[in-house]
Each structure stands twice: as structure tokens, then as C-alpha cells.
Amino acid sequence: MPRVFDGITILDFTWGMPGCLATMVLSDFGAEVIKVEPPGGDPFGNSPGAIQWNRGKKSIVLDMKSAIGRENAQHLARQADVVVESFRPGVTQRLGIDYETLSAGRPDLVYCSLTGFGTRGPYAHFKGYEGIVAAKSGRMMMFAGQNRPDGPNYVAVPNASYSAAGALLRGVIAALYVRDRTGQGQKVETSLLQTITSYDLRDWIVWQMTAKDPQTYFEDPSLLRNRTTTGYLAAQTGDGQWIQLANLVERLFHMMLHSLDMDHVYEEPRFQKLPAVLDDDRNALHRIMLERVRGKNVDEWMEMFISPAFNVGAEPYMTSREGMDHPQVVHNGHIVDVEDPRLGRTRQLGPIVTLSETPGGPQGPAPDPGQHTEEILNRLNGRTRTAAHSSLPLPGYPLEGVTVLDLSTIINGPLACSLLAELGARVIRIESPDGDWVRNAWYGLTVHRTMAGSEGLCLNLKSPEGQDILKRLVANADILVHNMRPGAPERTGIGYEQLRQLNPNLVYVYAAGYGSTGPYAHRPSMHPIPGAVCGGALAQLGRDTLVPPERNPTTDEIIELSRKLGRANDGTADQNSSIAISVGMLLGLYARERTGKAQQVEGTLLGGNAYANVEDFFWHEGKPPRLIPDAQGYGLHALYRLYPVRNGWVFLACPFEEEWRALCTTIGRPDLLKDLRFATAQSREEHDDALADELGRVLATRDALEWERLLTAADVACVKVEDRGMYQFYNDDPHVQENGFTTEVESRRLGRFWRHSPILRFSHTQGRVGPGPLKGEHTQAILREMGYSQKVIHDMKERGVVEWEEV
């Protein structure tokens with residue numbers, strides 16, 4: 001079968017997870033990816049995950065410090081469709097591989113650039129390591145209180161890197177889409193500091209509204225993250241295992257209590273309005289639930305929960321290695337075998353999404369550095385690549401003219417659609433007359449991220465007229481997205497075969513929990529489910545944190561461990577899935593552009609979160625164990641962790657030997673270089689606690705900003721940690737303003753406020769942002785556009801066919 005990127009050549013100058021994961025996906029879907037490595041290979045090539053994120057590529061070694069190396073790189077670029085690079089600002093100009101140089105005579109070249117902190121401002125030349133970006137941006141405060149009473153907490157899942165990979169993929173595909181239609185390539189830019197904003201759905205807007213209208217928005221946003229959501233509970237079973245209950249929606253919540261034999265609680269006045277409950281009563285309810293769950297072992301509970309008779313969201317907590325064997329993960333093909341000539345059989349991630357007509361999958365193992373140098377250099381014959389393109393006018397936005405119908409709910413589907421709205425797609429968000437669940441949570445403010453840039457239309461799809469309106473919209477749409485469980489789309493009238501009859505060019509996207517088929521397809525899935533299954537939550541919890549079951553922990557110990565696990569399972573699983581779904585939508589659209597065929601696209605919460613854990617979600621004989629943070633949440637080891645300093649915190653990142661040497665010299669401790677305990681990477685690992693003590697004593701003598709200035713001047717990655725939160729960083733920091741990372745928008749209800757700017761910037765087209773819509777805000781305008789009179793529209797509102805809220 002054809003693949004999406006058949007015939008497309010990618011020249012990959014990236015190192016490490018973010019760029020390499022993006023180009024791995026491009027390879028999986030048919031692109032020829034040529035990885036350019038320096039003599040000695042990619043510095044991150046020894047990372048355990050490199051065998052996965054470098055798979056399917058060809059490797060060429062070029063010495064970019066030499067004239068011949070730079071000349072060969074320029075020749076290769078003339079024969080490529082896309083160049084992807086992740087150098088710090090200014091480096092590509094020095095090497096002669098910047099966009100201006102490579103696009104001269106190649107107006108159709110697509111050039112994607114990833115930095116850590118953006119191209120301008122005081123942090124532009126900081127090293128863009130995952131922990132450095134998470135610390136500087138305030139992301140580590142989203143786990144504050146998990147393992148220590150206060151202060152930042154290390155983030156185990158590399159969300160900044162994963163989201164950057166997703167952004168690069170959206171940028172490449174959107175730019176190719178424009179190029180194929182117009183003949184014009186362009187430069188696409190993003191940074192980890194921009195992409196990580198996808199993980200703050202709430203605090204950025206709640207803080208603004210708290211300052212603007214404290215009478216209405218009176219809760220301290222920093223306290224919201226420490227409140228356990230009713231229906232989400234980590235509980236220990238009778239055999240000492242831990243299980244995640246995830247039943248946010250009211251009907252699921254009631255079934256959960258029924259399955260726990262807790263129907264009697266409704267007799268108590270304080271529980272009569274469940275799941276609505278006050279904080280103290282919520283804690284009392286959770287104590288009862290924890291005691292109930294200890295009444296059976298994990299297998300007994302799961303046998304019950306898996307049964308179709310019980311509509312309960314629950315999964316055991318697993319490591320990534322255990323999650324790879326989950327029956328639905330295996331069924332979906334989220335894990336596939338890849339034969340590696342050095343390692344033998346390996347088990348690696350399957351394609352990021354499933355496409356019915358242009359499927360993806362690994363094209364082979366990761367290459368040795370320089371394995372294809374001779375083959376690639378033999379191609380250099382001076383010819384410039386030429387490709388046939390249409391000559392339509394350049395659009396204002398990359399996805400201008402693309403219409404997306406969003407029938408999904410809560411977070412993963414809507415946020416994916418919002419990411420396409422940033423690229424200029426018209427997203428029509430279709431909700432029931434009652435509105436989406438998120439409109440009733442957190443003051444309804446999260447819609448300004450999850451639905452940002454969408455148009456709001458409320459339809460009663462149970463009515464014939466509502467169905468007729470939907471069918472007319474489908475007939476002219478390019479993409480439709482939903483996240484209903486199997487069977488529900490057909491009952492609602494939006495099954496794939498039903499809609500294909502109306503519009504054979506419709507790209508049909510299922511943002512699934514478990515999947516459309518398989519042993520768990522019928523089960524409900526909320527964000528804590530993939531957090532538990534895919535290993536992220538246990539990694540975030542830290543080393544040696546769970547009490548061994550043979551110790552028979554007390555109820556109070558179980559309550560505290562339940563709280564920690566709940567905080568570790570932090571609620572970013574939906575965003576991880578959204579990123580994968582957004583990529584799937586574009587893959588389907590671009591495949592239609594190239595082949596003329598629309599198709600089904602499916603992504604799952606499980607698959608998106610397996611990808612977010614790409615550093616560990618694979619297996620081979622002798623694979624190193626995952627690096628897990630310490631039990632206090634400081635970090636992975638002495639040279640990659642948080643340290644308290646005189647007026648706050650710093651995060652230090654020294655993964656390479658030359659950085660270790662520069663660190664010791666700069667802090668005035670050259671003696672550490674001669675200390676046999678720290679002489680090699682292996683000996684430093686063996687004496688990690690001692691090294692952390694040595695560095696901790698030194699770092700405690702100065703202020704955070706002093707260390708940041710001193711060490712970054714020596715090109716050692718060390719930053720002052722933003723220990724207030726992400727809102728405070730993006731609201732206050734001059735670096736954000738200099739790069740234009742926030743944009744002011746206006747909502748009919750809230751007035752003016754800032755939101756995060758588009759994650760991607762294009763040189764020849766624009767991105768766009770907007771607020772989330774009110775419930776049904778654009779219902780009347782959309783219906784008028786379809787030819788309905790105002791009289792008919794109001795009549796349909798009176799009869800409950802359509803709805804909108806008044807302001």
C-alpha cells in the first residue's frame with residue numbers, strides 16, 4: 001500500500017529526542033530520512049531510546065567544521081524536500097545551512113527549525129534540555145507538593161520534547177500541504193518553550209481572571225492542582241497492587257460506586273448530590289473507597305471492571321515494560337517487532353496513528369553512524385531536486401480553506417482541533433444543547449485552550465432537523481473528529497460508512513480511548529488510564545516510594561500514597577493524545593492531497609501516551625532500566641536535578657563529560673575532577689549521593705540568578721527555577737515578551753486577556769489564535785451561512801433543535 005510521504009526526502013540535522021522522534025514518524029509513513037551526524041555520531045546516540053527514535057533512517061557523517069562537509073550538506077539540501085534542524089540560534093548561519101542560504105534557488109524547500117527557548121531574548125542560547133525548559137517555564141511547579149511539602153518537583157515524562165516533536169510534524173506536513181498546492185516552501189519555527197504550553201490548560205487563564213474579577217473567580221489556582229478530583233482515585237488492592245479508578249462523568253461515577261458495593265452512601269445527606277461534594281466530604285468518601293478496594297485483589301477487580309456489565313474506568317498501575325503487554329496495546333499494534341542487527345529482536349512503538357489506506361510502520365532498525373555515507377555521497381551530482389507542484393495563490397494561513405467538524409468531547413479531541421485552528425483551519429465545534437462537560441469545570445475557563453479558535457454550534461443530534469444540519473455540514477467538510485466509544489457513532493448517525501456516503505472525501509478521525517476494536521474497546525477511558533498503563537505515573541512517583549505490600553501499610557499511609565499517585569498521574573495524558581491526534585488529522589489530509597483518497601484515521605489515549613514515554617516504551621535483551629527520579633522529586637542524578645540555593649532553586653543539567661569539566665572549573669571545585677569517586681561517568685553514578693552533597697553545598701552559597709549567569713556563560717546548563725508557576729513565567733518574563741510568545745485576544749464574556757501565541761511560526765503564511773467559543777456562540781451565524789432564516793433559527797431554538805447562550 002502507498003505511504004503518505006512516498007518520494008519525500010528529509011535531511012535531518014537534529015540531535016536527541018524531539019527532532020529525531022519527529023523524523024522517525026516521517027520515516028514510518030514513507031519518507032526517506034537522511035540523518036546527518038558529526039564525526040563520532042549524534043551526541044545523544046548513546047541514549048537508550050535512540051535505537052527507537054532513529055529507526056528507519058539513513059546515516060551520513062559530515063564534518064560540518066570543514067569546507068567539504070558544509071559543501072556536501074548544501075548539495076544534499078538541494079536534493080531534499082525538507083530540512084529539519086535543532087541547532088541553537090546562529091549556528092546554521094555559521095555552518096552555511098540556514099534557510100536563506102539553502103532556499104536560494106529552491107523556493108519550494110520546506111525548512112523546519114527547533115530551538116529550546118526561541119530565536120531572541122536572554123535565554124535564546126541556553127541549552128534546550130528537557131529539564132532546563134521545564135524548570136525555567138514553571139512546568140515543575142505543576143507537581144509542587146507531590147513528594148515534598150513545597151517547591152518544584154522534577155517532571156519525569158519528557159512532555160516538552162514530545163510536544164516539540166508533534167509541533168515539528170504539524171509544521172512539516174502543513175508546509176508540504178501549502179507547497180504542493182502553491183509551489184512555495186517556507187521556514188517553520190518553534191521551540192520547546194512554546195510547545196510545553198500545551199500542558200497548561202487552566203492556570204494561565206484562571207490566574208488572569210482571579211486578578212480581573214476576584215469576586216467571581218475566587219479560588220487560588222495553585223490550590224486546585226492539589227485537590228483530588230471526585231471519581232479519580234488511586235487505590236491499593238488486597239494483594240498490595242495499585243489500581244487507578246477514573247470515572248469523571250456522572251453515569252460512570254455512579255456505576256463505580258455500585259461496583260464497589262457503596263450504594264448505601266447515597267443515604268447520607270452529605271453524599272446525596274454525588275459526584276458533587278465538599279472537600280472534607282470528598283476525603284471521607286475516598287477513605288471509604290480505599291477501604292473497599294482493599295477487599296479484593298487486583299485480578300478480581302479487573303475481571304469485574306472489564307466485564308461489559310460494569311461500565312467502570314479502571315486500570316492497574318504499570319511500568320512502561322508492563323504496559324507494552326497490555327492486551328489492548330498489543331491488539332492496536334502500538335508495539336511491533338523490529339529486528340536489529342546489533343540487538344536482535346526488539347519491541348518498539350508502532351505508528352503514532354493508524355491510517356486505513358496509507359498505513360505507517362518502521363522501515364527498519366536505527367543505522368550505525370555513517371552507515372550510508374558512501375551511498376548518499378554517490379548521489380551528489382550537482383542536480384537540484386525539482387518536483388511538480390500546483391500554482392494556486394499562497395494562502396494567508398497554511399490550512400486556509402480546510403473545514404474541520406469537531407464532535408469530540410472534553411480535552412483530547414477538542415485540543416487537537418484547536419491545534420489545527422492555529423494553522424488556519426476552520427473548526428466548527430458541535431456540542432449538545434447542554435454543552436460539553438468542561439464548561440462546568442474550573443469556571444468553564446479551560447475552553448479557552450481546548451476549544452480556542454473554534455466556532456461553537458449546539459445541535460440536538462437526536463432530532464431529525466439536527467441530523468439534517470449535520471449532514472449538510474459533513475457534505476462540505478474536510479475532516480471530522482469524534483471520540484465516542486464503538487457503536488455510539490452509528491447510533492448518532494456519524495459512523496464512517498454513513499458519512500462516507502455523504503462525502504467520500506471526508507477524512508474521518510477517531511480520537512479513541514482504547515480503540516475501535518479489541519478486548520478493551522468497549523471500556524471507558526479518561527486521562528488517568530493511560531497515565532497508569534504507559535508507565536508515566538509510576539516514573540513520576542519516584543524511586544522506592546510505594547510501601548511494600550508485605551509491610552501491611554496503615555490506612556493513613558495508603559491515603560498519603562494515594563494522594564502522591566494521584567498527583568503523579570497529573571492529567572497531561574489528554575494533551576499527549578491530542579498531539580498525536582493533531583498529527584493524524586494532518587497525515588490524513590495530506591494523504592488525501594497526494595493520493596486523492598480520504599480514509600479513516602485512528603489514534604488512542606494509549607498510543608499517544610506510549611509515544612510520550614518513548615524514552616522507555618520499548619524492549620530488547622539487556623535494555624537499561626528507566627532512570628527514575630529520587631523519592632524527593634529532585635531529579636534523575638546529581639548532574640540532572642534540582643538544587644535549593646540561597647533564594648530559591650536551580651536546575652542543573654550536565655549530561656556530557658565536557659559539561660562536567662566546565663562545571664567543576666566554573667564553581668571553583670577543580671578538585672572534584674581528580675576525585676576518584678567522580679573520575680568517570682560510571683564512578684559518578686556509583687557515588688551519586690556523595691556528588692549531590694558536594695554540589696549542593698557549593699550551590700547553596702549563591703542566589704539562583706547568580707548561578708544562572710555564571711554557569712550559562714560557561715555553556716553549562718543551569719537555570720533559576722520558576723517557583724511560582726507557568727502563568728507567572730509567561731505573564732512576567734521579558735524573554736516571553738521579546739519573542740512574542742503571548743497574544744492578546746478578546747472574549748464576549750471575559751473581555752480581553754492574553755493567551756499563548758501559535759506554537760508554530762511560518763515565514764510565508766501566518767498562524768492565528770482566538771478565545772474559546774461560548775456555548776453555541778456561532779450557531780446563528782453558521783445556520784444563516786447555510787441558508788436558514790432568522791425566523792427558522794429561532795423556531796428551532798424554541799423546539800430544542802439548536803441552542804446558544806446569551807451574554
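Which residues of helix α27 (residues 657–666) are buried?

Reply: Two notes on the source come before the answer. This is a predicted model, in which local features need pLDDT of at least 70 and side-chain atom pairs count only at pLDDT 80 or more, while totals for chains, interfaces and linings use all residues. Residues are numbered from 1 along each chain as its sequence is written, and side-chain values use heavy atoms, with hydrogens and water left out.

In helix α27, the buried residues are E659, W660, L663 and C664. Buried means under 20% relative accessible area, exposed over 50%, and partly exposed in between (1.4 Å probe, protein chains only). Helices (H or I, at least four residues) and strands (E, at least two) are DSSP runs, numbered from the N terminus.

Viewed down the axis of α27, the buried residues fall within an arc of 135 degrees, so they line one face of the helix. The arc is that of the directions from the helix axis to the C-beta atoms. E658 and T665 are exposed on the other side of α27.

The buried residues of α27 pack against β22 (648–653), α28 (671–674), α29 (681–686), α30 (688–699) and α31; contact here means heavy atoms within 4.5 Å. Just after α27 comes G668, which takes a positive phi of about 75 degrees.

D715 counts as partly exposed because its relative accessibility is 33%.

Rings of Phe, Tyr and Trp (its six-membered ring) pair if their centres lie within 6.5 Å, with planes under 30 degrees apart stacked, over 60 edge-to-face and the rest tilted. By this rule there are 22 aromatic pairs. Among them, Y640 and F651 are edge-to-face, with 5.1 Å centre to centre and 90 degrees between the planes. Y640 belongs to strand β21 (residues 640–645) and F651 to strand β22, eleven residues apart, and the pair links distant parts of the chain. Y640 counts as buried because its relative accessibility is 11%; F651 is buried too, at 0%.

From F651 the view widens to the largest nonpolar core, which has 143 residues; F5, V404, I479, M585 and F651 have the most contacts inside it. A nonpolar core is a set of buried Ala, Val, Leu, Ile, Met, Phe, Trp, Tyr and Cys residues joined through side-chain atoms within 4.5 Å. The largest share of this core, 13 residues, comes from helix α7 (residues 159–182). A second, separate core of 38 residues includes W301, M304, A314 and Y317. In soluble globular proteins, nonpolar side chains tend to be buried together.

Not counting residues up to four places away in sequence, F5 touches L26, F29, G30, A31, I173, L176, L587, Y590 and R594.

The C-alpha atoms of V481 and V601 are separated by 9.3 Å, though the two residues are 120 residues apart along the chain.
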